[in-house]
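Q: I have a protein model open on my screen and I'd like to learn how to read it. Can you take me through it one feature at a time?

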Amino acid sequence: MVKRSSEWRKYKEEAIARLLRDKEIGYLDPDIWDLLSVFMNREKAFTYSSCSGRITIVDSVYPWSRKDSTVIYKNHFNLSTEELSRIVSRGGVRRLWLIVQGPILHVYTMDYEEAWIIIRVAREAGFKHSGILAENVKGILVELRTGIRMAHLLSASASSDDLERIATVANEVLKRGKEKKNLLRDVISSIRDDPVELRKDPEGQTELHNSVRKFP
C-alpha cells in the first residue's frame with residue numbers, strides 16, 4: 001500500500017493534535033512525552049498508542065484474563081508496601097494478581113523502509129519483541145515491546161515481609177522497563193530520517209548519526 005504524502009501528513013497531523021490534547025488533559029503517561037516526541041519528529045513516523053510501563057493489580061481468574069476482570073490499581077511509578085498491604089487486606093472476588101508490564105509503543109510509518117529502520121534500532125535497544133502488526137490506511141503499524149513482565153498471585157496470608165519483597169521486586173522490574181524506554185528515546189533521536197547504513201566505529205560499536213528536530 002503506497003501512501004500519498006498529503007494523505008500521510010493528514011493522519012500524522014491528527015495524531016499530533018490528539019497527543020497534545022492528551023498531554024493537556026493529563027491522559028498521557030507522565031513520563032513518556034519525551035519518547036513520543038522523538039518519534040513525532042521523524043519525517044515518516046507517528047505514534048498511535050503507548051504505555052511507558054506500569055504496575056497494575058487486577059481481580060481475575062488468570063493474569064491474562066479479559067472477561068470478568070477488574071483493574072483495581074494502576075500506577076506508572078513505584079508501588080509502596082503500604083499500598084500493596086491495603087489492597088491485599090481488602091481482598092477480591094476472584095484472585096488478585098500483581099502485574100508489571102514494560103513499555104509498549106505502537107508506531108505508524110509511511111513505508112516499510114522506515115518500519116524496518118525503527119524495528120532494527122528498537123531491538124538493539126532491548127525491545128526484542130518488536131515487529132510489524134498490520135498495514136492499513138494509516139500506513140505500516142509497528143509494535144515495539146520488551147520482554148519485561150512480571151505476574152504474581154497475591155495472597156491474603158502474605159506477611160508484611162513478603163509484601164515488602166513483592167513490592168521491591170515489582171519496582172525493580174518497572175525500573176528496568178523505564179531504563180529501556182529511555183534508551184529507546186536516545187537511539188531513536190540519534191538516527192537520521194534518510195536511510196543510511198549505521199557505521200561502525202573503530203572498536204566495532206554501532207555509531208548512530210544525529211539529526212533531530214524539536215517537537216513542541
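A: The buried residues of helix H3 (residues 81-90) are Leu84, Ile87 and Val88. Buried means under 20% relative accessible area, exposed means over 50%, and partly exposed is in between (1.4 Å probe, protein chains only). Helices (H or I, at least four residues) and strands (E, at least two) are DSSP runs, numbered from the N terminus. Before we go on: this is a predicted model, where local features need pLDDT of at least 70 and side-chain atom pairs count only at pLDDT 80 or more, while totals for chains, interfaces and linings use all residues. Residues are numbered from 1 along each chain as its sequence is written, and side-chain values use heavy atoms, with hydrogens and water left out.

Q: What covers the buried residues of H3?

A: The cover includes E2, E3, strand E4 (95-101), strand E8 (149-154) and H5. Contact here means heavy atoms within 4.5 Å. Look just after H3 too: Gly91 takes a positive phi of about 75°.

Q: How many helices and strands does the protein have?

A: There are five helices and ten strands. Of the 216 residues in the protein, 45% are buried. Now take the contacts between residues at least 6 apart in sequence: 68% of them join residues at least 24 apart.

Q: Which residues touch the most other members of the largest nonpolar core?

A: In soluble globular proteins, nonpolar side chains tend to be buried together. A nonpolar core is a set of buried Ala, Val, Leu, Ile, Met, Phe, Trp, Tyr and Cys residues joined through side-chain atoms within 4.5 Å. The largest one here has 34 residues, and Phe39, Leu105, Leu144, Leu184 and Ile188 touch the most other members. Several elements each supply at least two residues of this core, including helix H1 (5-25), strand E1 (45-51), strand E7 (139-145) and helix H5 (160-188). Apart from this core lies another, of 19 residues, with Leu84, Leu98, Ala170 and Val173 among them.

Q: What does Leu144 touch?

A: Leaving out residues up to four places away in sequence, its partners include Phe39, Leu105, Val107, Ile118, Phe127 and Leu184.

Q: How many salt bridges does the count come to?

A: Side chains of opposite charge can pair when their charged atoms come close. We call it a salt bridge when a side-chain nitrogen of Lys or Arg is within 4 Å of a carboxyl oxygen of Asp or Glu. By this rule the count is twelve. Take Lys178 and Asp31: their closest N and O atoms are 2.8 Å apart. This pair links distant parts of the chain, with Lys178 in helix H5 and Asp31 in the loop between H1 and H2, 147 residues apart. Lys178 counts as buried at 13% relative accessibility, and Asp31 counts as buried at 17%.

Q: Where does Arg42 lie, and is it buried or exposed?

A: Arg42 lies in the loop between H2 and E1, and it is buried, with a relative accessible area of 3%. Arg42 forms a salt bridge with Glu114, and the closest N and O atoms are 2.7 Å apart. Glu114 belongs to helix H4, 72 residues away from Arg42, and is buried at 1% relative accessible area. Also, Arg42 and Ile188 are 146 residues apart in sequence but 9.0 Å apart in space, C-alpha to C-alpha.

Q: Where do Arg165 and Asp162 lie?

A: Both are in helix H5, three residues apart, about one turn of the helix. Asp162 counts as partly exposed, at 28% relative accessibility. Elsewhere, salt bridges that share partners join Asp34, Arg185 and Asp186 into one network.
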